[in-house]
Amino acid sequence: MSNTVEILSAQELRRTVTRLASQVIENAGDLSQLVLLGIYTRGVPLAKILANQIELLEQVKIPVGALDITFYRDDLNITGMRTPAKTEIPGDITGKIVVLVDDVIYKGRTVRAALNAVLEYGRPEAIKLVVLVDRGHRELPIHPDFTGKKLPTSREEKVKVYVQDIDRRDGVELFR
């Protein structure tokens, strides 16, 4: 029997993104060197929300791009192939501070693939990672620089992030 637990309501998700934006601002230094790259699927709208919040707080427009990591994955035989999305890099990222944005970090394989993908487009000064939810169970030595919510889970549980642009609502749920 499966049951669902709300982890973050829409309001809590907004507050969490505001906190993450503040942390990125504090850590970034020169905001003119910052570029946000959302990892498809839900990392893309989250990156846009984060950029909007940074602009609200600092009156600086942050370039936002979208990263499709499909062909960089090492587990396609397990996860299966999906229709690739369009990678959009907002200008030259060489020498920039690139912040990867994803909804959930689990084993670390998506982020590993994203790192490989980013390096195809330039050599950033630094690459940081923002995740909304860290559910543990890493298989690779990859850890987020900024985490919205640490959520210890079992391997059988699933975490689902909902964003307005895709799901017509905001929130995070845990499926047991």
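I took buried as under 20% relative accessible area, exposed as over 50%, and partly exposed as in between, with a 1.4 Å probe and protein chains only.

Helices (H or I, at least four residues) and strands (E, at least two) are DSSP runs, numbered from the N terminus.

I record here that the model is predicted: local features need pLDDT of at least 70 and side-chain atom pairs count only at pLDDT 80 or more, while totals for chains, interfaces and linings use all residues. Residues are numbered from 1 along each chain as its sequence is written, and side-chain values use heavy atoms, with hydrogens and water left out.

**Contacts of L34**

I looked up the partners of L34, with contact meaning heavy atoms within 4.5 Å. Not counting residues up to four places away in sequence, L34 touches V24, A28, I54, I62, P63, I97 and V99.

**Whole chain**

I listed 5 helices and 8 strands in the protein chain. Along the sequence they follow the pattern β-α-β-α-β-α-β-α-β-β-β-α-β.

I compared the radius of gyration, taken over C-alpha atoms, with the globule rule of 2.2 Å times the number of residues to the power 0.38. For 176 residues a compact globule would have a value near 16 Å, and the protein chain agrees, with 16 Å. Its C-alpha atoms fill a box of roughly 50 × 35 × 30 Å along the principal axes.

Of the 176 residues, 45% count as buried. Among contacts with a separation of 6 or more, 68% join residues 24 or more positions apart.

**A113 in helix α4**

I found A113 in helix α4 (residues 109-119). A113 counts as buried because its relative accessibility is 0%. Y72 lies 41 residues away from A113 in sequence, yet the two C-alpha atoms are 4.9 Å apart. Leaving aside neighbours within four places in sequence, the contacts of A113 are I69, Y72 and R73.

**Backbone exceptions**

I noted a cis peptide bond between Y40 and T41, with omega about 15°. T41 sits in the loop between β2 and α2.

I also noted two positive phi values in residues other than glycine. Phi of H137 is near 70°, and H137 lies in the loop between β5 and β6 (146-150). With a relative accessible area of 24%, H137 is partly exposed. Phi of R168 is near 65°, and R168 lies in the loop between α5 (164-167) and β8. R168 is exposed, since its relative accessible area is 74%.
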